[in-house]
Amino acid sequence: TKIMRVYIISGGFNINSIDISENNPSNQTPYSGTPVAIPGIVELENYDNGGEGIAYHDLTSGNEGDVYRTDDVDIEVCSEGGHNIGWVQPEEWLAYTINVTQAANYDFNLRCATEQSGVLRIELDGQDISGSVNISATGGWQNWTTV
């Protein structure tokens, strides 16, 4: 298994999921109890268990959306169904335990919505694998596009 982190470089957007066609601290566990199989879809609200500084880093206290989970990550109901991470700020991140089932080249397709542009990156076991990913304004917090 691998640990994938989604780092927010500049804030101001909502993120819903990443469709993806060892480094595990002892108290960090997959949200569902099982690593996400890759290729597959990582629902971003299902970041690992383990708390602040282990499974996520969030700069504001409390869950602004007040739904789905009870920690400090801001989660809201998503117009596409389910939930999305909102109110993201620079330097925040989320960690996911994934199981890459086969060696291959993979495309990452992020579902994003925003009234302003932002930037993020994806790391795998501490290595930047995406570079800076620019998120362009979509015209609204629930106007989703694939990046």
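**Around threonine 138**

Which residues does threonine 138 touch, not counting residues up to four places away in sequence? Threonine 138 is in contact (heavy atoms within 4.5 Å) with Cys112, Ala113, Thr114, Asn143 and Thr145. Its side chain also reaches the backbone oxygen of asparagine 143 at 2.7 Å.

You can find threonine 138 in the loop between strand 12 and strand 13 (145-146); strands here are DSSP runs of E, at least two residues long, numbered from the N terminus. Threonine 138 counts as partly exposed because its relative accessibility is 22%, and buried means under 20%, exposed over 50%, partly exposed in between (1.4 Å probe, protein chains only).

**About the model**

This is a predicted model, where local features need pLDDT of at least 70 and side-chain atom pairs count only at pLDDT 80 or more, while totals for chains, interfaces and linings use all residues. Residues are numbered from 1 along each chain as its sequence is written, and side-chain values use heavy atoms, leaving out hydrogens and water.

**The nonpolar core**

Now look inside. A nonpolar core is a set of buried Ala, Val, Leu, Ile, Met, Phe, Trp, Tyr and Cys residues joined through side-chain atoms within 4.5 Å. The largest one has 25 residues, and those with the most contacts inside it include Ile15, Leu44 and Tyr96. Among the strands that each supply at least two residues of this core are strand 1 (2-10) and strand 2 (13-20).

Not counting residues up to four places away in sequence, leucine 44 touches Val6, Ile15, Asn16, Ser17, Ile18, Ile85, Leu94 and Tyr96.

Note on methods. Helices (H or I, at least four residues) and strands (E, at least two) are DSSP runs, numbered from the N terminus. A polar contact is a pair of N or O atoms within 3.5 Å; within protein, one must be able to donate a hydrogen and the other to accept it, and residues adjacent in sequence count only if both atoms are side-chain atoms.
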